Amino acid sequence: MTGIRSYHEYRKNSRSGAAIQLSEAMTVTDSFEIFLVAAPGTEHSLLVETKDLKFSTPKLVPGGVTIEGLWPDVWRANLELREATRVLVRLGSFHVSHLAQLDKLAHKFSWGKTFNQGAELRVEVTCKKSRIYHAGAAIQRIETALKDELGATISADANLVIKARIENNLCTISVDSSGESLHKRGHKEAVGKAPLRETLASYVLRQCGYNGTETVVDPMCGSGTFIIEAAEIALGLKPGRERNFAFEQLNSFDQTTWQNLRQNNTPKPTAFRFYGSDRDQGAIAMCKANAERAGVTTLTTFTRRAISDLMPPEGPPGLVIVNPPYGTRIGDKKPLFALYGALGQTLKSRFTGWRLGLITTDTSLAKATGLAFAKPGPPINHGGLKVLLFKTERLG
Ligand SMILES: C[S@@+](CC[C@H](N)C(=O)[O-])C[C@H]1O[C@@H](n2cnc3c(N)ncnc32)[C@H](O)[C@@H]1O
């Protein structure tokens, strides 16, 4: 990580396929490792997305994907990736075998290259297979160094988080450039009881072969996550366009370059439409409010309707995507077999030519639809629950 280059040189030499317009005032350093965190079970799909978006040197690693880049690549990753949950920037690493040494090395660490004097920060530490095994003691040493060297304020509510991972006596220091988890797109104020994370919805859409060029129907749409994500993908809208990120508080941040990146997002024309329905009127009101904030109302239709009244929209068949209730508490599950059965019956009789993607925690519930599913992939962790994606071919 040596040498400062001008933005002209950066643009000429950048291995990133996507052109990033840097402001004249900006200087950049050589590239560094950026770690894209994936929800467990979705790492492979994030790798595909990272390649599609032309990030440099993507590699699959436990827990996610690494890429190489510069700060504008960090900002673009936060802005454009639909499936990553966070973007961490590796700031440096050092060998450490006891707490007094951590204290000394943390005082020597070049915090000032990344953080502004007096920054408000939080420190998180994980220890694995190392002589230092007490995360709390390690946090205290690093926090003290930050206060001494940077005049930092340590706060449990800080938006800027430093993550130290001590593994095999190697301490790797990263900063979480995202702040709030990336599933928070910034336009969903209204959520139901069991909302799907937007990052997971995008993963599921990709796994079902959706690329923005077909109609999508969600007959149990809750707060509208699938339908809003699908409409945004069709329009080519960047998922992070409306929200703030922790990287805006770092000393590498350049407002002009960031605004260039963010505003370079004219919606693509699309002929496709996206339909959500739910039996609950409150859910439909939520979907409409969320779609409005996301700027996708012209493409989306939300209707109060029970699954038994579902009809396919006009036009060629597309994708039905659904996240029915799971009934995770004991005793909740029984009535759900009838609900899944009704879903299967409706789709079999009225949705010839459509494909179905269904996510649930329980194979026996998926079977109750009576539909022929391919073997589901590995379970995906969703808020502590393990969910499975069941997919059909075109319904006959
Ligand atoms: C797990 S939630 C879906 C959450 C949604 N994916 C989201 O992101 O907010 C299940 C939804 O199914 C709806 N539902 C349950 N039974 C239904 C039925 N018979 N017909 C239509 N919707 C139903 C519920 O009202 C609830 O909103």
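By class, the ligand's shell holds 10 nonpolar, 4 polar and 4 charged residues; here Ala, Val, Leu, Ile, Met, Phe, Trp, Tyr, Cys and Pro count as nonpolar, Asp, Glu, Lys and Arg as charged, and the others, Gly among them, as polar. Before going further, note that this is a predicted model, in which local features need pLDDT of at least 70 and side-chain atom pairs count only at pLDDT 80 or more, while totals for chains, interfaces and linings use all residues. Residues are numbered from 1 along each chain as its sequence is written, and side-chain values use heavy atoms, with hydrogens and water left out.

Let us stay with the ligand. There are 18 residues around it, and Ser223, Thr225, Asp278, Ile307 and Asn323 come nearest; a residue is near a molecule if one of its heavy atoms lies within 4 Å of it. Several polar contacts can be picked out, each a pair of N or O atoms within 3.5 Å. The side chain of aspartate 278 places an N or O atom 2.6 Å from an oxygen atom of the ligand. Backbone atoms take part too: an N or O atom of leucine 196 is 3.0 Å from a ligand oxygen, and a polar backbone atom of isoleucine 307 is 2.9 Å from a ligand nitrogen. Of the 610 Å² of accessible area that the ligand has on its own, the protein covers 89% (Shrake-Rupley method, 1.4 Å probe).

Now for charge pairs. Side chains of opposite charge can pair when their charged atoms come close. The whole structure contains 16 salt bridges, each a side-chain nitrogen of Lys or Arg within 4 Å of a carboxyl oxygen of Asp or Glu. One of them joins aspartate 52 to arginine 206, with the closest N and O atoms 3.1 Å apart. This pair links distant parts of the chain, since aspartate 52 belongs to helix α2 (residues 43-52) and arginine 206 to helix α6 (residues 198-207), 154 residues apart. Helices are DSSP runs (H or I, at least four residues), as are strands (E, at least two), numbered from the N terminus.

Finally, look at the backbone. Most residues other than glycine have a negative phi. Lysine 54, in the loop between α2 and β4 (56-61), has a positive phi of about 60 degrees. Threonine 57, in strand β4, also has a positive phi, near 45 degrees.

How values were computed: Polar contact = N/O pair within 3.5 Å; in protein donor to acceptor, adjacent residues only side chain to side chain.
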